[in-house]
Amino acid sequence: MKKIYLFLIFFIFQFKAFGQNTLDEEFQKTVPHWFAAWTLVYKDIYKIDTINPVEFVFFDENYVYSTSAVTISQGETITGPSLLNLKLNWKKTLHHDSLTLPNKVSIPVGITSYASEIPDTDHHSFFVMPLPSFWKKAGVESKELGLDNLITGVFLHEFSHSQQMLNFGIKITQYEKEHDFGVNTNDDMLQNIFSENKDYVDLFNAEVNSLYHSISSKGIDKKELLKGLKLMDERQKKYLKGKYKSLAAMDDLFLTMEGLGQYSMYLWLIHPEGGKTDRETALKGVRRNKKWWSQEEGMVFF
């Protein structure tokens, strides 16, 4: 009787563990993969082996997995990965189609991936992103990269911003306090201001095209490069003046931020221990639909 009792206890614990592993399988598989991609690019290539504090918020169709006590106050404690110097305590709970982020803002679940500063901290950040099944159900795809490589690249790009709070983040906050251009202060602000100005758009497109024409496997075409830089200087001097004068510095800042994010994605994609993608295909995949100006031009500078 005692043996049967002990067996039942063992079976119950094993069943619970199996059930948790089954339910958490995507989280347990995906997040360590994303963290390994980050380590490959930032530690092995950039030689950056520490991370500034971050709270994570990942989610699927039903559950949210987080290290934030604001996002999950009374959830189930689960085993989860750590990242370099970060020691992370993970919990999960049902999200009921909405998330409370570490900045105490509530959002509906959806396709979103970004980093932001946590108020009243020493420039700590949080990072939010759906797990792959959520992207797949939403119909997101990439014919060049495949979904898994695409969203790993998205993670690398967006998570890079979580490490920029002490430099770019401070600058953006300063700009936001000092200026109001009628649009949100973010990397799309020049696009939001000038996208209806045909002359600006034509000049910008000529600038970007020259810069991309300057790069190839054979090296740099200096003539095209100088042409692109001249057009950039012309665009900024012609349009970023008067009430828009400070936007020239913001343009440079956002091109650097977004360029680093795109280039980090690209480096992982072409790495033999990363995405194992040829350079031409990786570049097409990173540029995607060429829709977002700062990402498109920032990438080519890197």
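This note comments on a sheet, a helix and a surface patch in a predicted model.

1. The sheet is open and contains six strands, arranged in the order E3-E4-E2-E1-E8-E7. Its pairing is mixed. The edge positions belong to strand E3 (76-78) and strand E7 (114-117). Each of these has a single partner strand, so one side of each lacks a neighbour in the sheet. From one strand to the next, the twist averages 25°.

2. One of the pairings can be named by residue: Glu 76 has Lys 92 in E4 as its bridge partner. In general, strands of a sheet pair through backbone hydrogen bonds, in either a parallel or an antiparallel manner.

3. Helix H9 covers residues 247-270, a run of 24 residues.

4. Which residues form the nonpolar patch on the surface? They are Leu 226, Leu 229, Phe 301 and Phe 302, with about 370 Å² of accessible area together. Phe 301 belongs to helix H11, which comprises residues 293-301. Phe 301 has a relative accessibility of 35%; because buried means under 20% and exposed means over 50%, this residue counts as partly exposed.

Conventions: Residues numbered from 1 in each chain as written. Predicted model: local features only at pLDDT ≥ 70, side-chain atom pairs only at ≥ 80, totals over all residues. Heavy atoms only, no water. Patch = residues over 30% accessible without salt bridge, like charges linked within 9 Å, V, L, I, M, F, W, Y side chains within 5 Å. Areas by Shrake-Rupley, 256 points an atom, 1.4 Å probe, with all protein chains shown as cover. Salt bridge = Lys/Arg side-chain N within 4 Å of Asp/Glu carboxyl O. Helix = DSSP H or I, 4+ residues; strand = E, 2+ residues; numbered from the N terminus. Buried < 20%, exposed > 50% of the residue type's maximum accessible area, 1.4 Å probe, protein only. Expected span 1.5 Å × (residues − 1). Pairing = 2+ DSSP bridges. Axes fitted to C-alpha atoms, helices over the stretch in contact; angles between N-to-C directions.
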